[in-house]
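Colleague: I'm new to reading protein models. Could you walk me through a few features, one at a time?

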Amino acid sequence: MSTETRGPRTRSKRAAPDGGVSPGTDQSRVGSSGAPRGSFAFGPAIGFLRRLRGALGPRVDLPQAFAEATLALPREVREAIDAGRRRLAGDYQEDEWGFDEEFAEAVRPFFDFLYDAWWRVEAKGVSNVPSHGRALLASNHAGILPWDATMISTAILREHPLPRYPRFLVLNWAFELPYVSVLIRKVGGVVASPYNAMRLLEQDELVAVFPEGVKGTGKHFRDRYRLQRFGRGGFVEIALRTGSPIVPVAVVGSEEIYPKIGEAPLLARAVGAPFFPITPTFPALGPLGVVPLPSKWRIEFCDPIETAHYGPDAAENRSLVFELSERVRDTIQQTLYENLVERGSAFL
């Protein structure tokens, strides 16, 4: 497996002079077959469905459209098999943090399904996320597993005029879970630590942090959408030291996907987790209980808070750190309340 260090990535959406790519198409994600580049697992199926939809028309019946859509399948299947063999042989690239862009592109259809159909996400203010350079996204946190991080990432990739992959900081214990830890790294997760956050920002990456930490993911359902303490404001210190703007992010919907009604401390100690949740479906339904409930989501990216003018030495000013931390917390809390009202019912 080869490893390389990559800088920040941006993708522009433009129309090709020859009309090959229509306005609004992300050309960097489209391969020669019309399927998303890098989708070695899903490319043939997605390409087939797109061609089938495009072939259907008032003068074209379903059998004819089906025949036309299958013409390119053999080539796409061969490409998918070749890509799978190559990856199994270890021929793929990761950056120094374990991020694998080809893998991230391959699982995008699954996240798109969750975004569009399962959680029906509505994103607002995505243009507040800087299109290049360092920035710190600070969000509320819930849902036990980091689904909120994946939906924040998907919102930026889907809605931003110049999409980029954010790196999100995840608690250490999540990286001890089999299979889950590999997936988290490959789609942009990084072990949460001030050192890692500062290095990513110094590399001009977009970094997402969750100041509530485990207190957010582990809170009882009755306390939903009530922000927990933001600790000592460590994320503000990091932003000040690196001159990174802070973008508060409010996520509505993640609190209902795993309604926590209790805990099992003995099981938590057995698996080395900070808590072991009991929900209406887990562990009663076994593996099925891990399936998140289809709540309706709203994600709002608030106005950035600039920090560069304070200078790095301002990180030692405890009153300023506390003031900025509370400003971010108050912004997120107020935005949560507003979006709860606008969303209405959690599941309808």
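Colleague: Let's start with D116. Is D116 buried, partly exposed or exposed?

Modeller: Keep in mind that this is a predicted model. The general idea is that buried means under 20% relative accessible area and exposed means over 50%, with partly exposed in between. D116 comes out at 43% relative accessibility, so it counts as partly exposed.

Colleague: Which side chain does D116 meet in a salt bridge?

Modeller: Side chains of opposite charge can pair when their charged atoms come close. Here D116 pairs with R158, at 2.8 Å from N to O. R158 sits in helix 5 and D116 in helix 4, 42 residues apart, so the pair links distant parts of the chain. R158 is also partly exposed, because its relative accessibility is 27%.

Colleague: Which residues join D116 and R158 in one network?

Modeller: R108 and D112 do, through salt bridges that share partners.

Colleague: How many salt bridges are there in the whole structure?

Modeller: A search finds 19. One of them joins R167 and D95, with the closest N and O atoms 2.7 Å apart. R167 belongs to strand 5, while D95 is in the loop between strand 2 and helix 4, 72 residues apart. Both R167 and D95 are buried.

Colleague: And what about E342 and R298?

Modeller: Their closest N and O atoms are 2.6 Å apart, and they form a salt bridge. E342 lies in helix 11 and R298 in strand 11, so the pair ties together parts 44 residues apart in sequence. E342 counts as partly exposed because it has 46% relative accessibility, whereas R298, at 10%, is buried.

Colleague: Where does helix 4 bend?

Modeller: Look at R108: the bend there is about 40°, and the proline P109 follows within four residues. At the start of the helix, a side-chain oxygen of D100 reaches to within 3.2 Å of the backbone nitrogen of E102. After the helix comes R120, with a positive phi near 45°.

Colleague: Last one: which residues make the nonpolar surface patch of about 300 Å²?

Modeller: That patch is made by L285, L288 and V291. You'll find V291 in the loop between strand 10 and strand 11. V291 has a relative accessible area of 42%, so it is partly exposed.

Key
Residues are numbered from 1 along each chain as its sequence is written. This is a predicted model: local features need pLDDT of at least 70, side-chain atom pairs count only at pLDDT 80 or more; totals for chains, interfaces and linings use all residues. Side-chain values use heavy atoms; hydrogens and water are left out. The bend at a residue is the angle between axes fitted to the seven residues ending there and the seven starting there. Helices (H or I, at least four residues) and strands (E, at least two) are DSSP runs, numbered from the N terminus. A polar contact is a pair of N or O atoms within 3.5 Å; within protein, one must be able to donate a hydrogen and the other to accept it, and residues adjacent in sequence count only if both atoms are side-chain atoms. Patches are made of residues with over 30% relative accessible area and no salt bridge: like charges are joined within 9 Å, nonpolar side chains (Val, Leu, Ile, Met, Phe, Trp, Tyr) within 5 Å. Accessible areas come from the Shrake-Rupley method with a 1.4 Å probe; for residues, only the protein chains shown count as cover. A salt bridge is a side-chain nitrogen of Lys or Arg within 4 Å of a carboxyl oxygen of Asp or Glu. Buried means under 20% relative accessible area, exposed over 50%, partly exposed in between (1.4 Å probe, protein chains only).
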